[in-house]
Amino acid sequence: PSALITSFKIPNAKTYLLEGGECLSVGYMKKITANSKIILINSDPLFYDLPNLSWYKRKYLLYIIKKIDGIISTSYFMKELAQKYTKAPNEVVYPFANVNQFTSVKPNLNSHNIAFVGSVEKHKGVDLLVDAFKMVREKYRDSKLYICGKGKLRKTISNMDNIHAPG
């Protein structure tokens, strides 16, 4: 019901660009109420998480996914995930990053410390990073792992030795 209400608050347009799976319900409502097209920016874990959702949520999302008119995937990996569930046209467009702003950073390449910045979630590989860090610690006892971000795994990792999770 909230997607329907939200969809009426959004002005009508020929095309809606949806940033991630959380927007699908609202986008679908606009598609059927305003006869619009919906294009999904595929950069969130929607297609990765789909097999693990409850059967009714998966069925609901699969129904809407089949109504998508096009997809902009942010990598070939994301494109392959989406192609398992939809035949919608799917193009890869890499996000723009202004790397010049980072050229002044001079990292200490002799340091054995590792930093991760992002969502502290399994789909980001944080669990694998923690396992790999344990191997690094065997060789470099002075190493530390810094994990900055929010997510489901944050509580688990924040109590581990030599892993710092400042936020």
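1. Start with the salt bridge: the side chains of Asp69 and Lys31 meet at 2.7 Å, N to O. The term here means a side-chain nitrogen of Lys or Arg within 4 Å of a carboxyl oxygen of Asp or Glu. Asp69 sits in the loop between α4 and β3 (70-73) and Lys31 in helix α2, so the pair ties together parts that are 38 residues apart in sequence. A search of the whole structure turns up one salt bridge. As background, side chains of opposite charge can pair when their charged atoms come close.

2. Before going on, some ground rules. This is a predicted model, where local features need pLDDT of at least 70 and side-chain atom pairs count only at pLDDT 80 or more, while totals for chains, interfaces and linings use all residues. Residues are numbered from 1 along each chain as its sequence is written, and side-chain values use heavy atoms, with hydrogens and water left out.

3. How exposed are the two partners? Asp69 is partly exposed, with a relative accessible area of 25%, whereas Lys31 is buried at 19%. The cut-offs: buried is under 20% relative accessible area, exposed is over 50%, and partly exposed is in between (1.4 Å probe, protein chains only).

4. Next, helix α4, which covers residues 55-65 and has Leu61, Ile64 and Ile65 buried. Looking down the axis of α4, these buried residues fall within an arc of 100°, so they line one face of the helix. That arc is taken over the directions from the helix axis to the C-beta atoms. Helices (H or I, at least four residues) and strands (E, at least two) are DSSP runs, numbered from the N terminus.

5. What does the buried side of α4 pack against? Its buried residues pack against α2 (24-34) and α3 (46-49); contact means heavy atoms within 4.5 Å. Turned away from that buried side, the other face of α4 carries the exposed residues Trp55, Tyr56 and Lys59.

6. On the surface, have a look at Val99, Phe102 and Val105: they form a nonpolar patch with about 310 Å² of accessible area together. Patch members have over 30% relative accessible area and no salt bridge, with like charges joined within 9 Å and nonpolar side chains (Val, Leu, Ile, Met, Phe, Trp, Tyr) within 5 Å. The areas come from the Shrake-Rupley method with a 1.4 Å probe, and for residues only the protein chains shown count as cover. Val99 belongs to the loop between β4 (90-92) and β5 (114-117) and is exposed at 53% relative accessible area.

7. Two backbone spots are worth a glance. Asn35 has a phi near 55°, positive in a residue other than glycine, and Asn162 has one near 65°, also positive. For context, most residues other than glycine have a negative phi. Asn35 is in the loop between α2 and β2 (37-42) and counts as exposed at 72% relative accessibility. Asn162 is in the loop between α7 (154-158) and β7 (163-164) and is partly exposed at 27%.

8. Last, Ser75, in the loop between β3 and α5 (76-83). Ser75 counts as buried at 19% relative accessibility. Leaving out residues up to four places away in sequence, Ser75 touches Val92 and Tyr94.
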